[in-house]
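Have the structure open while you read.

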Amino acid sequence: MCVPLSDIKAVQGDSGHAQVNMVTDAYSHISDDDQRKNAELFKEAFYEKKNLNPERRALLNSLAKTMK
């Protein structure tokens, strides 16, 4: 899951950390389930072209051509 920078800044302010990287270093992690879900979404989008809007479909097709 991607967290907007504004949310990280809010946590920084609320927690009293001096730097944003202190928040991300201390509290950011990705679970195995999240990694599997992201891999599945990537596979569906890139290889199977599922659930794509026209702009993303065109971008992925263009990228695939450059990789050949």
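## A glycine in helix 1

Let's start with Gly-13, which sits in helix 1 (residues 5-15). Helices here are DSSP runs of H or I with at least four residues, while strands are E runs of at least two, and the numbering goes from the N terminus. Gly-13 is exposed, at 57% relative accessible area. The cut-offs for that word: buried is under 20% relative accessible area, exposed is over 50%, and partly exposed is in between (1.4 Å probe, protein chains only). If you look for Val-23, 10 residues apart from Gly-13 along the chain, the two C-alpha atoms are separated by 9.8 Å.

## What you're looking at

This is a predicted model, with local features needing pLDDT of at least 70 and side-chain atom pairs counting only at pLDDT 80 or more, whereas totals for chains, interfaces and linings use all residues. Residues are numbered from 1 along each chain as its sequence is written, and side-chain values use heavy atoms, with hydrogens and water left out.

How many salt bridges does the structure hold? There are three, each one a side-chain nitrogen of Lys or Arg within 4 Å of a carboxyl oxygen of Asp or Glu.

One of them links Arg-36 to Asp-33, with the closest N and O atoms 2.9 Å apart. Both residues belong to helix 3 (residues 32-46), and because they are three residues apart there, about one helical turn separates them. Arg-36 is exposed, at 53% relative accessible area, and Asp-33 is exposed too, at 54%.

Now move along to Glu-40, whose side chain meets that of Lys-43 in a salt bridge, 3.6 Å from N to O. These two are also three residues apart in helix 3, so about one helical turn lies between them. Glu-40 is partly exposed at 33% relative accessibility, and Lys-43 is partly exposed as well, with a relative accessible area of 35%.

Glu-48 counts as partly exposed, at 35% relative accessibility. Through salt bridges that share partners, Glu-40, Lys-43 and Glu-48 are joined into one network.
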